[in-house]
Each structure stands twice: as structure tokens, then as C-alpha cells.
Amino acid sequence: MSEKVACRWPLFCLLVCVIGLVEGRPSIREDPITTDDPRCGYESCHPTKPNMLNVHLIPHTHDDVGWLKTVDQYYYGSETLIQKAGVQYIIDSVVDALLRDPNKRFIYVESAFFFKWWREQTSELQEKVKMLVNEGRLEFIGGAWSMNDEATTHYQSVIDQFAWGLRRLNDTFGECGRPRVGWQIDPFGHSREMASMFANMGFDGMFFGRLDYQDKDNRLMTKTPEMIWHGSANLGETSDLFTGALFNNYQAPAGFCFDILCADQPIIDGKHSPDNNVKERVDTFFKFVTRMAESYRTPNLLLTMGEDFNYQNADMWYKNLDKLIKYANERQANGSNIHLLYSTPSCYLKSLHDAGITWPTKSDDFFPYASDPHAYWTGYFTSRPTLKRYERDGNHFLQVCKQLSALAPKKAAPFEPHLTFMRETMGIMQHHDAVTGTEKQKVALDYAKRMSVAFRACGTNTRSVLNQLSTNEGAQPGRRRRSAYPFEFKSCSLLNISSCSVSESNEPFAITLYNPLAHPANEYVRVPVLGYNYVVTDYNGAELNTQVVPVPAGVSKIKHRASVAKYELIFLASDLPPVGYKTFYVQKSDTDRGHMNPSSAPRKTSSLISIGNKDLQLLFDTNGFLTEIQADGMARTISQEFLYYVGAIGNNEEFLNRSSGAYIFRPLDNKVYAVATQVDVEVYKGHLVEEVHQKFNDWISQVVRVYRDKPYAEFEWLVGPIPIGDRKGKEIVTRFKSDIQSNGVFYTDSNGREMIKRKRDHRDTWNLKLHEKIAGNYYPVTTKIALEDDTARMAILTDRAQGGSSLEDGALELMVHRRLLHDDAFGVGEPLNETEYGDGLIARGKLHLIYGQPIQKAIERQTQLETLLPPWRFFSSMSAYTVDEWRTSFKNIYTGITRALPEQVHLLTLEPWHENELLVRFEHILEKDEDPLLSKTVQFNINDILNTFNIEDIRETTLDGNAWLYDTHRMEFVPDAEEDDSYNNYAIFAKSVKEVHLLSAQKPLLATKYLDEALPAGELGAESNRLKRKTQREPFEREKPSNTIKKSPLSGDDDTKFIIELAPMQIRTFVVYLEKST
């Protein structure tokens, strides 16, 4: 979905309708809801039996918040020819069944669907559901707004959507509504940062369904599918999380799916029925769990009894589960040691904890995920690049909207529902079939439409607040004002293609730059304009230096680009106040400024082209390619080019015939092709920026620029429409090659936070057998990829999630766009062939290249933050005001905090929470070894920062903001002793295996299926060394951060007040209580 589509629809009527459906803010709940005998959570677990194999049956449904159908289509159950799925019927049916039998259990995960259902219910039924929750019969697991992806999501968005989902549960159900276990059963790989976030939200454990087929085989063979996952290399045990990989993805055992969507036989127990199958079914079930038990350490097994959109008729499931439990347990009288019980993941986790044994550990992550030797799920790291960028814009604007809503002098009634709708839309976008780009095209369009409405909703908040803040109370009533809001404060969503209706159709106009960071910012502003004769004036009346460059030719030629702008006006907005704004007045000059007319520097065919600043120089050869970089006192060889892979085409009926598709990246014959041997270039130089405009071919162009005082080079690429006239799908990458001796090692970020070491053709926890040398070395890049040696380091920062790798020493590559003509047969049912206006989709984005000494990591971190949350641009017509009237009548500079935070501290969250409350998060952005000075513990006074608010008190919470930190006590699990190799290094198996049939990973998961094609012996990681497995382990050094909050009374002349201490990579969350306004 392109950005163009998202902002083109006439959505004003839709906005009113959608906002009207948003439920108002839930009532504040300080204490848990209570009943006469509340027994939720661990206290509500059915007892297990000692000296028996306890099989925990987990009734559940997995409800995608959009995939083959839109969110609403899934909820209401429409479009049944696409998929028979109706979430409202699932919850109706389950609640009815639970109310009739207190023995039964059910778990629910997706808060987005649950609260859509909740607000439709009568108060009487709501009270009954509260009873179910209080008694642990209905248990919420995970609890976020959606089950988020873990490869393409940014940690800020993940935290936000958990915070909102858990808040809604807490406000509605109190303590009994709070999940204690994470449930990531369908995402396509799992990040270490996700484990850290779960741990710091107070979760006791997490279970997931998908992991690499070799890794899974290895873990089942060595009894290590359950482990203690070290979620951080910086935060110590506070980020450790007990984690379990499910045996059967998340389906029921083969033959035991008792749903209307399945064709498995029910349990027939008619005493005289010729079809009576009780003995056969119980025997089959016992055989399955007996085999499963060989792979686990305790006499407890977790069996997921449910699949995608199951339980639309819950009685079918429960009636057969009742029979299965009854007849299985009856055999105990004849010596059986197998005990079945209704359970939940929390109760299963409690049983593991109570077993009192030790557990293996893990320190890396679960990427990339492969479901068979030729199906590496690494294509979705890049799929739908414009939707991925739009989602990142959404997070950016959500932070701006939350901050301004918190800073509002007066809040209109719609403020909360507008902000709520934006929160919930962004929660939906984190879903593992949303931002991933693995949904059907029409569903992607629906996601983009929701985003567009959310932008408009929160835009009403920002417009109101900025008008309140900018109105000078001492000024004369605006004699030319035509409305309560004198200014539009409009967001131009197409600035990435140099289009903005305000700057193009108004003269004069104003640009308000809102800085969401808690540090002053310097921003080079680019504004699409019609000419080059402009003057920019700041709030003091000073005229700023400006530069004009032409809109790149590739952008100007985009079909249906509704813009007449031919130039971009550039100026430096310096010292933008933290959590505040500056406004600039732009008008045409009264004098001829012909010297500003940009012209390309003459091309010298016999010498190198050079652009740069005093610290950074880029040189381009006579063919137009980058060839050298001079930075940090070094002159080093470097190149950058665009290449493409041809997507493999097959019928997907066997491993070797797998097609490249929305999920899968599989280049044909592992070959890559250059797009050009000669690049057309134009060079523009000025006192603010120097840039090279490159044209590689008719569908790939780029602008490389270096600003006057920035430490990086910016590469703004434009790719598309990708040609398919040869009937070949193509996957476009950009590759940077240097002379750095990286020895196969590179680093990628985990959800935008800690960096993880990668090694080509290697996995830390098993001996890898790799059949896809390119796709199998691709990793998710949320914000950064880097490599280094002892003398130099090269890092590339992205503006959206992408797939990336280092396929040769010194080289980094990122996939920027994909267009494919065949489906990969993992469920979406259509090729990834995005089009717009009848042509292939055009995508534009930015990469930031930072090159220098290996000690530059602090610069990278700060640039990462500036890339994620740059000043937001608001545009307003100034036709009613001269520059002098504007200066004297309005407040054109403002800051919402009284002091900037320390350099290494980020204000991650500032938002209105409950009435007279703020939710605030502070984050240390550096790892412990990234900078000799800044990678240290830091202290600051919270009241010095937020003194503009009348703070009454603060209280620290878990990461999500919904539980008091010091009242949260997580289960502790004991790791294996380092010298204990009994489980980790020795395989445990009963018989030799000649071949293996892999569990099908195709969605939707409606019944357990094993692939017909057999995997020959020796193709699995554990099979190659069943007697002894050796792994190379690096020491995992961890520090325990301080959670100290020094609290003093907020009164008198006490200067200590509230002191916050942050260790490297630590995030601390607080509820700030404000004095009630009179």
C-alpha cells in the first residue's frame, strides 16, 4: 500500500463514523474487582496428580486481527467464501459454555477483538464474564491489542500496544484480568528484545509455536524446548524469561480437532454403537503424548486444543474434550499413569515451576525461521515497504499526539476517543499479518485506511493544542481570524515525494516543527515550493540561510503525483526546544534572488565527483558510482549499488519447488544481478547541503546527500515500478561494500534496541545445514545493521523494517522492495504484486550511512533516535497575517519540559493516562560497552524535567504501566549448572530415524498436517551428531541494573525531590500523579 493511497481518500464522513464507535475511556480502577471467593490466576488451577504424566489441555482460539479478511470481516464473520471465521460467535459460544460448567477453561489473547465484543454486551452478561475471569475459568493470555510480529516491529510500538491492551484489561477486570504468560504462537520467528519486554512487564513466562525446523528437531532430541531465555546482554536477570516452544505449533494433535472447521472424527461413546471408537481414540492419544513426553523434562505436557478461529461452536470442542478426559482418566484404575485436565498456559507454567528442576539457557534469538530446507521466512522482513513506512510514521505521530494531548491547557471532550483510536489502530498494525506485509492486498488497503482515519483523528487533537499554545493571551483578538482555530497545523503526508498542498498553494505560509525528543534538535527542513525566491523568518525576526534544490527527476516523473512543486526549499532549524516547537514564517522575497536558482555542477568526465562537509567526504567515480569515503581521519574504499534477485518459481508441492512470496525469500539459483553499469548523475552544492542525483535505470534512482554538519551520509532511494514484462518477479537490494575485514560477522538490531551478533552460515545453538545460502543468512533489520574490524566500522540506519545481511566480508545489503508473481503457498493465496494506478508500486525511503572508528556507536544511537522521531512538520496558511503580525500576535516557540534530559536518556513516553495522571517512561539508549563516557549509569531529577506539570506524586510500574513494580514478583527458574551437559550436549532418542516428515507450517492452521515429502536422514541439525553435540558458546556477561528511586517530599526548598537512576539499556516507567485542577 503506497503512502499516496493512504491520504487520498475522502474520509471526513468516515472519520466521524469511526470515532463515534470508539468507546470512551474506561473507568479508573485502583483495586482489583473482587467476588466472594476470587480464585483467578495460579490459585484457580486444577490439581495435577503426583507420579503421573499430567497432560494440560488448553482450549484456545487464534484470531488474526486481519489477514485474509479485514479486522471487521473477521469479527462479524462476513466474507465466508474467503474464510469461515467470525470472532463474535467464538466469544459468544465460549462464554455460554463456560457459564454452564465451572470445570472448563478457556484462554483469550487478542484484546482488540475482545473489547469490540465487550462493548456490545449487556451489563448483566458483563458481570457474568467478570465472574468467569475472577474464577480463572476465562483467562487472558498475552493481553496486548494484537499478537505482534517480532521481526518488523519497533520496541516503542510493541510497548505501546501492550500498555493499552493491558490497561483495558486492568480497568475492566482488575488484577484477575492481568495476564502472567506471553503467548506468541504464530509470529514467524522470535526476537530477544521481545523476551526482555515480557520480563520487564512482569510476565512469568512465554510460549511460542514457530521455530526453525532444525532448531526444533535439535531441541526435541535434547530435551531443551523449554528454557530460560536471557532477554538482554545489559539488564541481567530482570530480563530473563522462561520460554517454551510448543510441540505441535499451536494445533491439536492429529485427529483431535473437534471443530466445525475440521473433519476429524468425534469421540463416539454409544455403548452399543457400531461406530464406538473410544478405545481407538484414547489409544491414539496416549501414543501421541507418550512420544511427546520423551522430549520434555517434567511429567507435564501442554497440548493446545484449538486452532485458527476455532470454537465458533464451542460445544463441539468441549463435548469431545469432556469425553477424552473422562475415558483417559478412567484408565488410571487399570494402571495408566496419564492424567488429563483442563488447564491454561499459566497453570502449566506453575507446574513446571513447582517441579523444582533446572533448565537450559539461551542468549541469542530465533531468527531466521525456516519451515523446511528451502522455505526461509525472510521475505516478509521487507514485504509491502510502503505500508511498513506508513506504520513507522504512525508511531511517530502517535508520540506527538500523546505528548501534545498531555500538554494541552484545555482538553475538549473528543480528545480521549481521538487518542484512543490512534492507539488502537497502531496496536492493530503491530499484528503479525499487518506490518509484516503478509496479508491480502485488500486487507493491506484496509489497514492503510484505518491509519489514515487515525491520523485525522489525532490531528484534531494536535491542531487544538497547538492553537491553544501558540495563541498569545496578551494579543489583541485576531482581527482577521475566521474561526476558533486561527491555524490549520496540517500534516503533509506526501513530503516524501515532495508534495504539500499548503506550501504549494499558499503564500505566505508557516512551518511549525514539533520536537518530540527531550533534547534540543537541529533539523534540516525540506519544503516543496514552486520557485526559488523565498525568505524564511524565525520567531525573533531573523532571516535564515536557505538553499534551493530541484525536485529529483525520478520524483517529478511519478505518475499521478498531484504536485506542481519543482523545487525544495532547505533551511536549518536549529535549537528546536525539547518536547516543544518552533514556528517559521515563509514568504516570497521582494527582491530578486536569482542566485538561489539551483544549477547542476558541470560534470568532469575525467575526475572524481566529491560531496561532503568538513568531517565527511564521499567520492564518486566517472561511472557515477560511490567509490571512496573520507571520515574520522580515514580514507577508505567503499561502493554502493542496486542489484536484484529473481524470485524462484515453483508449484510449492515439494521443498525444491518453493516459490518466493510474501513470507518466503528464495532467489532463483542464488544469483544476483546488477541493475546498471553506468549511472547518470547531477551534482548540486550549496552552503547547507551537497547532493548527487543518481539515475540507475528507468525505475531506480537515488539522491545521495551530505548536510553541512551531520555525521552521516543520506541515501534517499526511489524504486519502482519494478518491471515484470519478462514474467519474472524481482527483489531489489542495495549493497554497500567496504574493505573492512569482518570475517563473516555482522550485527543487526533487535526491534530497534540491543544489537545481536550474527555470523554467516552459522547458528549459535545447533550445527546448521544450509540449503539456501542467501535467504538463510537474512535477518530482520528494524533500525540498524553494522559490521566492523579493529580499525573501522560501517553502520546503516533504516527508516523502516527491512531484511538485511552480510553475504561477503565487508559488505552489507538491505532489501528495499519486492514484486513477485507467484504465491509461496503459506496461506495468503495471492502473489505479492502491489500496484498503484495500474502500475507496479513505487517506494521511496532513506538510509543513513555512518562510517568511522569502532567507537562511534553513541553517534549511531543518537542518529537512530533522530531518524525514528524527527521534528514533526505542521503547515499553516499565513495569508491573514504579515510576518510582523505573526511575530507579535502568537507564541512561536514553546517547550513542554523545564530541562533537557541527559544526552543518553530518551523520554520514551509522555502521555495522559487516567484522570490527573501521566504515564512516563525514561530510557537509557546505550548499551554498556558502546561509549566510554555515556554508557554509564545516569541520574536526573524527574521534577526538574517535568516541572511544567504540577506533580503531586509518582509511583513506579512495570514496563507496561499497569502494575506496581514493587508489588510484582515473578517466578524464578534455576538454570542448569554450566558444567552440566546431561541435557544440552547429549541426544536422547529411542530408535534410529531413516526419514522425517515435517509439520506443515501453512496457514490457516485448521488441523495438524505433516508434509508428504520426507526429509532424508542427516538433513536435520541434531541428526548429524546424535551422540554428542558441541556448540561454541561465548560468555554472556550480564549486569544487574539499579531500580532505585530516591523519594523526597514535594514541598518546601527540598532540591532532591525525585531522583531517577538508569543503567545502560534500562527503561523505567512511572505513573505521575498531578494536582487536581480547580
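**Backbone, cavities and rings**

Start at Pro 368, which sits in the loop between strand 11 (361-362) and strand 12 (370-372). Strands here are DSSP runs of E, at least two residues, and helices are runs of H or I, at least four, numbered from the N terminus. A cis peptide bond joins Phe 367 to Pro 368, with omega about -10 degrees.

Some ground rules. This is a predicted model, with local features needing pLDDT of at least 70 and side-chain atom pairs pLDDT 80 or more, while totals for chains, interfaces and linings use all residues. Residues are numbered from 1 along each chain as its sequence is written, and side-chain values use heavy atoms, without hydrogens and water.

Next, the loop between strand 28 (713-719) and strand 29 (730-738), where Pro 721 is found. The bond from Gly 720 to Pro 721 is cis, omega near -5 degrees. Arg 727 lies in that loop too. Arg 727 is not a glycine, yet its phi is positive, about 60 degrees. Its relative accessibility is 56%, so Arg 727 counts as exposed (over 50%; buried is under 20%, partly exposed in between, with a 1.4 Å probe and protein chains only).

Asp 575, in strand 18 (residues 567-576), also has a positive phi, about 50 degrees.

Now rings. What links Phe 487 and Phe 489? The structure holds 62 aromatic pairs. In this one, the ring centres are 5.8 Å apart and the planes at 85 degrees, so the pair is edge-to-face. The rule: rings of Phe, Tyr and Trp (its six-membered ring) pair with centres within 6.5 Å; planes under 30 degrees apart are stacked, over 60 edge-to-face, the rest tilted. Phe 487 is buried at 5%, and Phe 489 is buried at 6%. Both belong to a cluster linked by ring pairs, with Trp 872 and Tyr 881 among its members.

Last, cavities. A cavity is a set of points on a 1 Å grid over the protein atoms alone where a 1.4 Å probe fits but cannot get out; lining residues have an atom within 4 Å of a point. Points join across faces, edges and corners, and volume is the space filled by probe spheres set on them. There are 16 cavities of 30 Å³ or more.

Conventions: On a 1 Å grid over the protein atoms alone, a cavity is a set of points where a 1.4 Å probe fits but cannot get out, and a pocket is an open set with protein on both sides within 12 Å along at least five of seven lines; lining residues have an atom within 4 Å of a point.
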